[in-house]
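Dear colleague,

I am passing the structure below to you for your records. My notes on it follow directly after the display.

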Amino acid sequence: MNLVNSEKSYTQIKQLIEQETNQAGKSFTVGKFTGIGWLFIQHSPEEPASPLIAVKQYAKTVNIYVPIDENEPPLVEQYAQIFGKSNLGKTCIRISSLTPTRLDALKALVQKIKREAEQSA
C-alpha cells in the first residue's frame, strides 16, 4: 500500500466511524501515540479520557485500536478470518487494503463498541 492508498483508506475508515458513532474524531495523545479517537470515556478523575475507538495512519497501513476486556477473548480475534490473523494485534487491526467485506466488518465492529458503551453509561 502506498501513501495515496493509505490516505484513501484512512479517509474511508474515519468517515465510517464518524457516521456510525455520530461523532467527529478528536485528536489525542498518550505517550508517544497520537491518533484520532471516538467514544471517549473517563476512567478516573486523575487520568485523561481515553477513546474506545482510535485510528492512526502509518505509511503502509491504517491501524484501528479497540478496547480489551480482560474477562473475554480480544474483540479483534472475531475478525481474523476477514482481516487475516497476521493483521491483528491484541487490540489492533492493521489495514493495508479495504474491501467491501472489510468495510462491513468495521461497521459491525464500531456498532458493537458503540452499543456496549451506551449500555455501560
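**Findings**

In the protein chain, residues 24 or more positions apart account for 46% of the contacts with a separation of 6 or more, where contact means heavy atoms within 4.5 Å. Please note that this is a predicted model, in which local features need pLDDT of at least 70 and side-chain atom pairs count only at pLDDT 80 or more, while totals for chains, interfaces and linings use all residues. Residues are numbered from 1 along each chain as its sequence is written, and side-chain values use heavy atoms, with hydrogens and water left out.

**The chain as a whole**

The protein chain contains 3 helices and 5 strands; these are DSSP runs numbered from the N terminus, helices being H or I of at least four residues and strands E of at least two. Read from the N terminus on, the order of elements is α-β-β-β-β-α-β-α.

The radius of gyration of the protein chain is 14 Å, which agrees with the value near 14 Å that a compact globule of 121 residues would have. That radius is taken over C-alpha atoms, and the globule rule is 2.2 Å times the number of residues to the power 0.38. Along the principal axes, the C-alpha trace spans about 40 × 25 × 25 Å.

Of the 121 residues in the protein chain, 38% are buried (buried means under 20% relative accessible area, exposed over 50% and partly exposed in between, with a 1.4 Å probe and protein chains only). The accessible surface comes to about 7,400 Å², and 50% of it belongs to carbon and sulfur atoms; accessible areas come from the Shrake-Rupley method with a 1.4 Å probe, and for residues only the protein chains shown count as cover.

The protein chain has 14 positive and 12 negative charges, whose mean positions are 9 Å apart. Lys and Arg count as positive and Asp and Glu as negative, whereas His and the chain ends are not counted. Each charge is placed at NZ of Lys, CZ of Arg, CG of Asp or CD of Glu.

**Asparagine 63 and its surroundings**

Asparagine 63 belongs to strand S4, which covers residues 62-65, and counts as buried because its relative accessibility is 7%. Its side chain takes part in a polar contact of 3.0 Å with the side chain of threonine 61 (a polar contact is a pair of N or O atoms within 3.5 Å; within protein, one must be able to donate a hydrogen and the other to accept it, and residues adjacent in sequence count only if both atoms are side-chain atoms). A polar contact of 3.1 Å links the side chain of asparagine 63 to that of tyrosine 65. Leaving out residues up to four places away in sequence, asparagine 63 touches Ala54, Val55, Lys56, Tyr58, Cys92, Ile93, Arg94 and Ile95.

Threonine 61 sits in the loop between strand S3 (50-57) and S4. With a relative accessible area of 19%, threonine 61 is buried. Between threonine 61 and isoleucine 93 there are 32 residues of sequence separation and 9.6 Å in space, C-alpha to C-alpha.

Cysteine 92, in strand S5 (residues 92-95), is likewise among the contacts of asparagine 63. Its relative accessibility of 7% is why cysteine 92 counts as buried. Cysteine 92 and isoleucine 64 lie 28 residues apart in sequence, yet 5.5 Å apart from C-alpha to C-alpha. Neighbours within four places in sequence aside, cysteine 92 is in contact with Asn63, Ile64, Tyr65, Val76 and Asn87.

**Glutamate 20 in helix H1**

Glutamate 20 is part of helix H1 and, at 14% relative accessibility, counts as buried. The side chains of glutamate 20 and glutamine 111 are joined by a polar contact of 2.9 Å. Not counting residues up to four places away in sequence, glutamate 20 touches Lys107, Val110, Gln111 and Lys114.

**Two positive phi angles**

Asparagine 22 is not a glycine, but has a positive phi of about 60 degrees. This residue is located in the loop between helix H1 (3-21) and strand S1 (26-30), and is exposed, with a relative accessible area of 63%. Leucine 39, also not a glycine, has a positive phi of about 55 degrees. Leucine 39 lies in strand S2 (residues 33-41) and is buried, at a relative accessible area of 11%.

With kind regards
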